[in-house]
Amino acid sequence: MANFYINPNNVVHELPKNNQPKFFMFGVPSYTNLGDQAISLAERKYIEAEFPEYQYIEIVEEDDDDAIPVVKQCITKQDIVAFTGGGNMGNLYLNHERARRKVFSTFTDNLTISFPQSIHFEDNEDGEIEKQKSQEAYRKNPNLVLVARDAQSFHRMQSTFDNPVIFTPDMVLYMKSVNWKFNRNGALFVLRHDSEKVVKKSTIDNIKDILGNERPVKRVDTVLDEPQKITPVTREALFDSELELFSHQEIIITDRWHAMVFSVLTGTPCLLFGNSYGKGKHAYFDWLEHINWVSYTDEEDTERIKQQINAVMEAKTHAYDLTPDFKQLHDLIAHNR
């Protein structure tokens, strides 16, 4: 199935003149967070594999506003509207939340799906104001279904919105694992630089001491410095390159949820620390606790951290299959036929 990557100036030109149902995915990122890019890639692969009867059409985030009236002109009752998943529902990333509100409150006659998200409205005046704006926008769409990617978000969405809420893993966990059998050497620290960062520098320094000087240590982030923009055409190669980087490592130390997911896909030992509102922690215990080579910790005690690092580095990889956990999402789309 062809994958259309469109902007508002050529939407109508790009859309094939046929009766094939369309699946419009709004909010596709162009920024360089590889976790969010991997989500968009996984969403496309999911629809292509599970629902090949749909024409999958991606709308990049900066084109959302201009694309809405164009899509409105050509949308039919059989089509589905969606907004990409991630960890940005709430008031921490308002540009995404405002775009989501606009899409949800516009396409009220079609099945509309908010793909798997974590949610966090801050417990202050700003958080309450923005939550009420989102409640008002979401309430306008009787066909909107929210998808939570962790139990904490599932319960928060249920208590915040009137819309139905379902529960699936992060979409990247739909992707197939890889085993390139590289020789592993070194430790990769994949650490945040944003407002969600809570892990202490002293903890990271202690871990470096635990790992010793005998192996190379590299620090990166899943947010790339180069290139400055990623498109649906270029993202898969960058995703593969990231998996290759992980596949060369002996251990990943991270506070990035998707760095743990990449570790799962590549069979790379990984220790995950928390972020400011627990999205990685809760998703780990919901979906990944049974995977031996990854673990979560809130520890600051050096000896206990050392024990966890040793445990994941000594663990054997094993088969896993999270595909059945996407059943609620699959059934939702299938029933639109």
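The points below concern salt bridges and the elements that they join.

1. The model under review is predicted. Across the whole structure, a search finds 21 salt bridges. Side chains of opposite charge can pair when their charged atoms come close.

2. One of these salt bridges is formed by the side chains of Glu58 and Arg235, with an N to O distance of 2.8 Å. Glu58 belongs to strand β3 (residues 55-60) and Arg235 to helix α8 (residues 235-247), so the pair ties together parts that are 177 residues apart in sequence. Glu58 and Arg235 are both buried.

3. A salt bridge also joins the side chains of Asp65 and Lys102, at 3.4 Å from N to O. Because Asp65 sits in helix α3 (residues 64-74) and Lys102 in helix α4 (residues 94-106), this pair ties together parts that are 37 residues apart in sequence. Asp65 is partly exposed, its relative accessible area being 47%; Lys102 is likewise partly exposed, with a value of 40%.

4. Arg215 and Glu250 form a further salt bridge, in which the closest N and O atoms are 3.1 Å apart. Glu250 lies in the loop between α8 and β11 (251-254), and Arg215 in the loop between α7 (201-211) and β10 (217-220), so the pair ties together parts that are 35 residues apart in sequence. Both residues, Glu250 and Arg215, are buried.

5. Which residues are linked in a network of salt bridges with Glu236? The network comprises Arg44, Lys45 and Glu48 together with Glu236.

Notes:
Residues are numbered from 1 along each chain as its sequence is written. This is a predicted model: local features need pLDDT of at least 70, side-chain atom pairs count only at pLDDT 80 or more; totals for chains, interfaces and linings use all residues. Side-chain values use heavy atoms; hydrogens and water are left out. A salt bridge is a side-chain nitrogen of Lys or Arg within 4 Å of a carboxyl oxygen of Asp or Glu. Helices (H or I, at least four residues) and strands (E, at least two) are DSSP runs, numbered from the N terminus. Buried means under 20% relative accessible area, exposed over 50%, partly exposed in between (1.4 Å probe, protein chains only).
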